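Me: I am new to this structure and would like to learn how to read its features one at a time. Please give the general idea each time, then the case at hand.

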Amino acid sequence: MMRQYELVERVRRYNPNADEDLLNRAYVFAMKAHGAQKRASGDPYFSHPLEVAAILTEFKLDDATIVAAMLHDTIEDTPVTREELDRVFGVEIGGLVDGLTKLNKLDFASKHAVQAENFRKLLLAIADDARVLLIKLADRLHNMRTLHYVPAPKRARIAQDTLEIYAPLAGRMGMQGLRSELEDLAFRYLMPEAHQLIIARLEELKSKNGALIARIAAELKDQFARRGIKCDVRGREKQPYSIWRKMERNSIAFEQLSDIYGFRILVEKIEDCYEAVGVAHTTWPSVMGRFKDYISTPKQNDYRSIHTTVVGPGLQRVELQIRTYDMHEIAEYGIAAHALYKDGRSALHTGESGAYRNLRQIIEALSSDDSEKFLEHTKLELFQDQVFCFTPKGRLIALPSGATAIDFAYAVHTDVGNSAVGCKINGRLSPLISVLRNGDEVLIAGSASRTPPAAWDSIVVTGRARAAIRRATREAAKAQFGGLGRQIVERAFERAGRKFSDAKLKTALPRLARHAIDDVFIGVGRGEIYSADVVRAIYPDFQEERRAGPAIAPNESGWFGLARANQLVFRAPGKDPALPLRGLDADTPVRFAPKGGAVPGERIVGIRTPGEGITIYPIHSSALIDFDDKPEQWLDVRWDLDQAKKSLFPTQILVTTLNEPGALGAVASTIGETGANIDTVVFNPTGPDFREIRFDLEVTDIQHLNAVIAQLRDKPVVSKVERISG
Ligand code: MN
């Protein structure tokens, strides 16, 4: 295992101003945190994060990255918390380690749910700091290097992920060395026979051709030197995996592969690159169609080089990659090299990591290469509109950006949404309306109630949540109307002196043109069905003497218009405070019953009192009992509302709450949220456990009033809500 001073020494080699104290503290902290934990190899667990840090020193990364690498498994595998890391190492390092913890969760979560391509997108979305990805790749590399200790079935899965996700990601980040090592390690475990075969063939070739590479390299160098080009020539054998891919892609045998050998020619200046190409092409025959100039047209990941293939010394086809030293460094280190050069080396040496701020944009810029179909541009934009969050069990939930915890709850399940009352985001209690961010872990707390507040409708951003909320509020309102309707129906039967039962009503359904008795109740509750019609549907002989037309028809009473229309047309007070009656003597005063006033949408009746005028009651008002034996005073009236101009109507409700601090506030604010006005609040004397509060309200109509009642009933502090019916 690498010693403490060795690691520090490695960092100091490229960054003489490294914070040694910080590195030493991280070393000791991580070692203690992992304690006696062991890896599959039997090594102390700490050897792993240490090796990951060591890999990252090869990329000359800043102190924060090296430290975060040492700590990268502490949150997940030890009792260490994010808060502790923030305290001991600062939020920058804490944030990096936290990012890695989220990525690991993703690893675990989305195995089956997410395609490799989506997975790569997710990695980019969740890592809001490119250094998190660099550490993740180094982590994966070390795990791949030690994969033989892992049990075989798990091995294949890890190797597959490496090949599909991490190696292409390294490629996209321009880190070719890392990419080919990951590919070759994965290849070895996924296709051991093929891998063995290629290794054996390469060995064979090497023994047959002896010092061919060295000979070709020497000749190349000699030719360039003669034309005055100073360069390094490096021979290289192609990686087994890239040989395999080429064999597969072109369906050819190993023997048919022509360019097993490649050479890199490294020069000082760009002009030297083109001169070297000239030398190569005038010295040896070039192979048609193999010349590519990635210097004038760099690849999307900023790779720059000139490629050409010539029939070189010994009639061997050799591929030449010609580039400057700077280009070579970028080709090998990719975005890590960018970090060095973007803002200049000084940024690193002052221990400041501002240079990394731009890295994310670089990754995004890297990500529009068609050939790999990796994050092509349009999809990327689409994708940036999304956030990815997790359930505590690691299930991935993708949501549009701006989504709240309520949307999350509905995305998990409709029932979870409907019963949601609170949530924890990343372990902290948070409001349900909180907007979620990438990587948030969300725990939804539910209640037994299955009715979401209607106000959520305007908060959520997902269609799924909105539809579910509307459905649930509709159901709740229906239940509300149903209960009200049943009361009205039962009263009507009582008043008519007839027997009522659900079974009897059932037989009368066809006459009411309804399919279920609940539909009848809802209809009555909404004022769509007149309760007398329900009585008549069961007892066709029933005559509604009190309210029927002929009973209040007498011309001699002086109510001419009334006799003709058998109806009062009643206007909303907002429109005309005098409440004139259409077609009647405009001088007849009309008013609402002082208690439990009627609101639009419900059936109403007018009671004519000689000398006083007409008083309007809701049909279910208990005050009407007093007029039971005065049929001549009853009038059928109906609403005639100006739909464009909503007016407010007075009504009263009685709310029983638990005797708790804040109960009144909760009730009042719930009423306020529905848009209803509170006119008067009166406390009624009650026992010690409850409080009875009368609210004089103003609402627009019966739906509005019912919504107020439904939402109040949903509040835990509310034990009972009743309408005061006068
Ligand atoms: Mn790890």
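Me: Where is Lys-60 found?
Reply: Lys-60 is found in the loop between α3 (47–58) and α4 (63–71). Helices (H or I, at least four residues) and strands (E, at least two) are DSSP runs, numbered from the N terminus. This is a predicted model, in which local features need pLDDT of at least 70 and side-chain atom pairs count only at pLDDT 80 or more, while totals for chains, interfaces and linings use all residues. Residues are numbered from 1 along each chain as its sequence is written, and side-chain values use heavy atoms, with hydrogens and water left out.

Me: What is the phi of Lys-60?
Reply: Most residues other than glycine have a negative phi, and most peptide bonds are trans. Lys-60 is not a glycine, yet its phi is positive, near 55°. Asn-426, also not a glycine, has a positive phi of about 50°; Asn-426 lies in the loop between β8 (420–425) and β9 (428–430).

Me: How many helices and strands does the protein chain have?
Reply: The protein chain has 30 helices and 19 strands.

Me: How do I read the packing of two helices, say α2 and α4?
Reply: Two packed helices are described by the angle between their axes and the distance between the axes. Axes are lines fitted to C-alpha atoms, for helices over the stretch in contact, and angles run from 0 to 180 degrees between N-to-C directions. Helix α2 (residues 20–34) packs on α4 at about 10°, with the axes 9 Å apart. That makes α2 roughly parallel to α4; angles under 35 degrees count as roughly parallel, over 145 as roughly antiparallel, 65 to 115 as roughly perpendicular and the rest as oblique.

Me: Which residues of α2 and α4 meet?
Reply: Contact means heavy atoms within 4.5 Å. From α2 come Leu-22, Leu-23, Ala-26, Tyr-27, Phe-29 and Ala-30, and from α4 Asp-63, Ile-66, Val-67, Met-70 and Leu-71. By class, the contact of α2 with α4 has 10 nonpolar, no polar and 1 charged residues. Here Ala, Val, Leu, Ile, Met, Phe, Trp, Tyr, Cys and Pro count as nonpolar, Asp, Glu, Lys and Arg as charged, and the others, Gly among them, as polar.

Me: At what angle do α11 and α14 pack?
Reply: Helix α11 (residues 176–190) and helix α14 (residues 240–250) pack at about 70°, their axes 8 Å apart. That makes α11 roughly perpendicular to α14. Arg-179, Glu-183, Asp-184 and Phe-187 of α11 make the contact with Pro-240, Tyr-241, Trp-244 and Arg-245 of α14. These residues divide into 4 nonpolar, no polar and 4 charged.

Me: How many aromatic pairs are found in the whole structure?
Reply: Rings of Phe, Tyr and Trp (its six-membered ring) pair if their centres lie within 6.5 Å; planes under 30 degrees apart count as stacked, over 60 as edge-to-face and the rest as tilted. A search of the whole structure finds 9 such pairs. One of them is edge-to-face: Tyr-294 and Tyr-303, 6.0 Å centre to centre with 65° between the planes. Phe-493 and Tyr-539 have ring centres 6.2 Å apart and planes at 65°, so this pair is also edge-to-face. Phe-493 is in helix α23 (residues 463–496) and Tyr-539 in the loop between α27 (531–538) and α28 (560–565), so the pair links parts of the chain 46 residues apart. Phe-493 is buried at 1%, and Tyr-539 is buried at 16%. Ring pairs link Phe-493, Phe-500, Phe-521 and Tyr-539 into a cluster.

Me: With what is Thr-651 in contact?
Reply: Thr-651 lies in strand β16 (residues 649–658) and is buried, at 2% relative accessibility. Leaving aside neighbours within four places in sequence, Thr-651 is in contact with Gly-597, Val-599, Phe-695, Asp-696, Leu-697, Val-699, Leu-705 and Arg-723.

Key: Buried means under 20% relative accessible area, exposed over 50%, partly exposed in between (1.4 Å probe, protein chains only).
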